[in-house]
Amino acid sequence: MGGQTSDFSSWFPQLLQGLGHTVEYSILAIVFATIIGLIVALMRLSRFWLWRAISTVYVEIFRGTPLLVQLTFIVFGLSQAMPVLNDIFGAKSYPLIGAAAGLALNEGAYITEIVRAGILGVDRGQREAAESIGMTRYQTMRYIILPQAFKRMIPPLVNQFAQTIKDTSLLAPIGIVELMYQGQIVVSNNFQSFAVYGTVAILYFVVIFIVTRIAGYLERRLQIDQR
Amino acid sequence: MISVENLRKSFGHHEVLKGISNEIREQEVVVVIGPSGSGKSTFLRCLNGLETASSGKIVVAGMELTNPKTDITKLRQHVGMVFQRFNLFHHLTVLDNITIGPRKVLKRSREESEALARELLAKVGLQGKESSFPDQLSGGQQQRVAIARALAMKPDVMLFDEPTSALDPEMVGEVLQVMKDLARDGMTMVVVTHEMGFAREVGDRVIFMDDGVIVEEGTPDQIFNNPQEARTQSFLSKIL
Ligand SMILES: Nc1ncnc2c1ncn2[C@@H]1O[C@H](COP(=O)(O)OP(=O)(O)OP(=O)(O)O)[C@@H](O)[C@H]1O
Ligand SMILES: [Mg+2]
């Protein structure tokens, strides 16, 4: 403990530094989860049974087990079973990459279902009209279905992005430096649980608040543009 | 233009089309009538591959639809379809609804496609609506845009599935007028409709379907004034 670390101005920068990593992991996870979600959703709706089987198994596994277990397994379990991962990414970097990948895979499973529901929610007549003017399945998806599905996907996607930001706090127990982890470090030095964890919570809240507000603004803009 | 031989279509164990054969000549306007559930929509949807025939042979514009090797997207470029519920693309403006086919499917330039779209909008009486969205239009206007969208592909034949059934009565006339103009210009048309006035006026031939078969066909005069089959007579007595 000691006077040095009990002073707000001395530990707050440490939290901010953790927050920076939280934002990094969140952005990485959201970007890759969205790409995964889009691809896997199309696989789930494919006519080819193998794509459907693979994508269904993926979604079931990642939605059917706890995220903390997934992260721990990928970061520690996989690197033990496959030391080659450490050789490729480096023993120092693999946990960071594995953690980001684990997050993206988990969130991707949820986004898959959001995208799938969005696509299935588009009226069947839209597809039939597109096919009737000679569009291929790809063109129908790209120009007719996805743009309409996307609009209805925005609210649940934003929800999921907020969830992803919260979920990055589960990187702390596996020893990855981010906001929650830094909070724990600070508290272990100055024992000021109330002030420090309170501040951690406020920082998460602020980030999520900003994200949902920006999303709400963009959604309204899109609504106006397209109507 | 369209040749159908012994077309059968089942959904599961339910046989909806039970052996339909017909020839539709170029520039002919064929009106299909019949009670609800008789298979009129299914028949029409088989003609552009929205439904896959269970058996039989369909040739449209020289391409054999029922041959698995036929490129069905290619075939559909030659067959326009107009739906009861319009099915305009909700996220696109009127202009984009009409140009997206020529641009993305036929790979025409934007300028060329838009010039064509404006021409077609004038033809269906909707100049000035280019930048409206479908939801801002009345049903009659939407259906006319849908017709323009189909015409933009320069189809050889147009299929209409009850194009006026979802419209308020005061809007039926404007859509039928566009269809009459099309018929007069020599378009080959297959029209499922309950509009008997239209059938009499522009139909070259009327087909009466019931329970998955063609019960009777003939000129409008023959079918409406002198039906031979009891089923036709009883159907007509109910609707006329
Ligand atoms: N996709 C489908 N799956 C299962 N059954 C279907 C399907 N489409 C149509 N049917 C059935 O096929 C039969 C014929 O339907 P269809 O829509 O062709 O009739 P219709 O003559 O167009 O009737 P309406 O005048 O009501 O439009 C009906 O019994 C209908 O329930
Ligand atoms: Mg029908």
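Q: Which two strands form a hairpin in chain B, and what's up with the turn?
A: That's β4(B) and β5(B), with 2 residues between them. Ala61(B) sits in the turn and has a positive phi of about 50°. Keep in mind that this is a predicted model.

Q: OK. How many bridges join β4(B) to β5(B), and which way do they run?
A: There are 2 bridges, and the strands run antiparallel. β5(B) covers residues 63-64.

Q: Which residue in β5(B) does Val59(B) stand opposite?
A: Glu64(B).

Q: And how is β4(B) joined to β1(B)?
A: By 5 bridges, and these two run antiparallel. β1(B) is residues 2-11, while β4(B) is residues 55-60. To pick out one pairing, Glu5(B) in β1(B) has Lys57(B) in β4(B) as its bridge partner.

Q: Switching topic: how many cavities of 30 Å³ or more are there in the whole structure?
A: A search finds 2.

Q: Which residues line the largest one?
A: From chain A you get Ala129(A), Ser132(A) and Ile133(A). Chain B brings Val79(B), Gly80(B), Met81(B), Phe83(B), Arg149(B) and Ala150(B).

Q: Which elements give two or more residues there?
A: α7 of chain A, plus β6 and α5 of chain B. β6(B) gives the most, with 3 residues.

Q: How many of those lining residues are nonpolar, polar or charged?
A: The largest cavity's lining has 6 nonpolar, 2 polar and 1 charged.

Q: What about the second largest cavity, which residues line that?
A: Lys123(B), Val124(B), Val178(B), Asp181(B) and Leu182(B). Helix α6 of chain B, residues 169-184, supplies the largest share, 3 residues.

Q: And how does that lining split by class?
A: The second largest cavity has 3 nonpolar residues and 2 charged ones in its lining, with no polar residues.

Q: Last thing, chain A has an α6 too. What span should its 28 residues have?
A: α6(A) runs over residues 93-120, and at 1.5 Å a residue it should span 40 Å.

Q: Where does α6(A) bend, and by how much?
A: At Ala109(A), by about 25°.

Notes
Residues are numbered from 1 along each chain as its sequence is written. Chains are lettered from A and ligands numbered from 1 in the order in which they are written. This is a predicted model: local features need pLDDT of at least 70, side-chain atom pairs count only at pLDDT 80 or more; totals for chains, interfaces and linings use all residues. Side-chain values use heavy atoms; hydrogens and water are left out. Helices (H or I, at least four residues) and strands (E, at least two) are DSSP runs, numbered from the N terminus. The expected span of a helix is 1.5 Å times one less than its number of residues. The bend at a residue is the angle between axes fitted to the seven residues ending there and the seven starting there. On a 1 Å grid over the protein atoms alone, a cavity is a set of points where a 1.4 Å probe fits but cannot get out, and a pocket is an open set with protein on both sides within 12 Å along at least five of seven lines; lining residues have an atom within 4 Å of a point. Grid points are joined across faces, edges and corners, and a volume is the space filled by probe spheres set on the points. Ala, Val, Leu, Ile, Met, Phe, Trp, Tyr, Cys and Pro count as nonpolar, Asp, Glu, Lys and Arg as charged, and the others, Gly among them, as polar. Two strands pair if DSSP finds at least two bridges between them.
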